[in-house]
Amino acid sequence: MTKPIIQLRNVTFQYDETQALNDISFQVQEGDFLALLGPNGSGKSTLLKLILGLLKPTKGEIELFGEPIQAFKQHEWIGYVSQKSNSFNSGFPATVEEVVKSGLTKKVGLFKRYPKNVDQLVIEALQAVGMESFATRNIGQLSGGQQQRVFIARALIAEPKLLILDEPTVGIDHENVQSFYDMLVKLNEERQITMILVTHDVDIVSEHISHVACLNKTIHFHGYKNEFDDISEQTLDAWYGHKVRKIH
Ligand SMILES: Nc1ncnc2c1ncn2[C@@H]1O[C@H](COP(=O)(O)OP(=O)(O)OP(=O)(O)O)[C@@H](O)[C@H]1O
């Protein structure tokens with residue numbers, strides 16, 4: 001039996017002037033691979049910040065792993081790779097292995113020691129994203145897509161149950177997007193990591209994604225990927241307020 005990892009009930013969020021989210025209710029189940037789609041300004045980042053506990057809903061409730069978010073303490077269960085992770089300049093003074101190791105800080109606490117097998121853990125995390133041969137390189141000397149993989153390894157080393165990726169394929173060239181997806185699917189299937197992939201690109205929805213949620217201030221659709229495929233472009237246009245083209 002799968003259980004909800006995230007449950008939102010009637011969540012509304014208001015910045016001073018702007019209502020960013022209106023009456024959002026949906027669940028993410030253990031093992032789901034969810035693409036959260038929405039145009040610019042549709043509330044995707046706001047929704048993520050609510051799930052990560054960085055903002056509090058104006059109205060409504062959020063549960064993580066079956067607990068009200070206010071009581072939830074296992075923050076190391078949630079890995080987050082932000083949109084801006086892959087923007088180091090070439091002189092940034094950290095190696096790939098140092099960046100990955102820093103992903104353990106949340107788990108071991110800032111002033112506690114790393115486990116004895118930390119080097120092995122770093123290599124395993126890098127192997128999972130196909131980046132082990134870059135371990136000693138400077139992070140700033142990697143391409144945007146390679147840096148993104150390293151940041152996923154940094155999240156993986158803490159053994160998350162849920163991985164949230166904000167626009168992960170930005171900066172990855174077209175030929176490498178498929179292998180990037182294959183890597184995410186492998187993590188989802190082999191390690192049973194629940195995935196939420198945030199994007200404003202409808203095209204990006206790969207065949208491997210299990211669920212899709214369409215957000216534009218409110219949730220217009222949340223369901224299986226094959227149900228999403230049946231939605232017409234006209235309906236998407238109406239939700240998003242502009243022309244949308246689906247590429248299969
Ligand atoms: N700190 C803030 N203060 C006031 N309004 C904000 C703030 N952050 C976001 N907003 C507004 O809330 C709405 C939702 O913004 P949000 O950043 O969540 O959208 P998004 O879907 O992540 O957009 P994008 O795809 O462009 O990153 C927008 O109208 C935005 O202008």
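Q: Which strands form a hairpin with one residue between them?
A: That's E9 and E10, and Lys217 in the turn has a positive phi of about 70°. Strands here are DSSP runs of E with at least two residues, helices are runs of H or I with at least four, and both are numbered from the N terminus.

Q: Before we go on, what kind of model is this?
A: It's a predicted model: local features need pLDDT of at least 70, side-chain atom pairs count only at pLDDT 80 or more, and totals for chains, interfaces and linings use all residues. Residues are numbered from 1 along each chain as its sequence is written.

Q: Ok, back to E9 and E10. In what sense do they pair, and over how many bridges?
A: Antiparallel, over six bridges. Two strands count as paired if DSSP finds at least two bridges between them. Asn216 has Thr218 in E10 as its bridge partner.

Q: And which sense is it for E3 and E9, parallel or antiparallel?
A: Parallel, over four bridges, with E3 covering residues 33–37. Ala35 stands opposite Val212 in E9.

Q: Switching to helices: how many residues does H5 have?
A: H5 has 13, residues 144–156, and reaches 18 Å from its first C-alpha to its last. That's close to the 18 Å expected at 1.5 Å a residue, where the expected span is 1.5 Å times one less than the number of residues.

Q: How many of those are buried, and what do they pack against?
A: Eleven of the 13 are buried, among them Phe151 and Ile152. The buried residues pack against strand E6, helix H2, helix H4 and strand E7; contact means C-beta atoms within 7 Å.

Q: What about the ligand, which residues are around it?
A: The list includes Tyr15, Asn40, Lys44 and His200; being near means a C-beta atom within 6 Å of the molecule. Helix H1 (residues 44–51) gives the largest share of that shell, three residues.

Q: Last one: in what order do the strands of the open sheet come?
A: E2-E1-E4-E5, with antiparallel pairing. The edge strands are E2 and E5, each pairing on one side only. E4 and E5 pair over two bridges, and Glu63 stands opposite Pro68 in E5.

Terms used. A residue is buried if 20 or more other C-beta atoms lie within 10 Å of its own, exposed if 12 or fewer, and partly exposed in between; C-beta atoms are placed from the backbone. Two residues are in contact if their C-beta atoms, placed from the backbone, lie within 7 Å.
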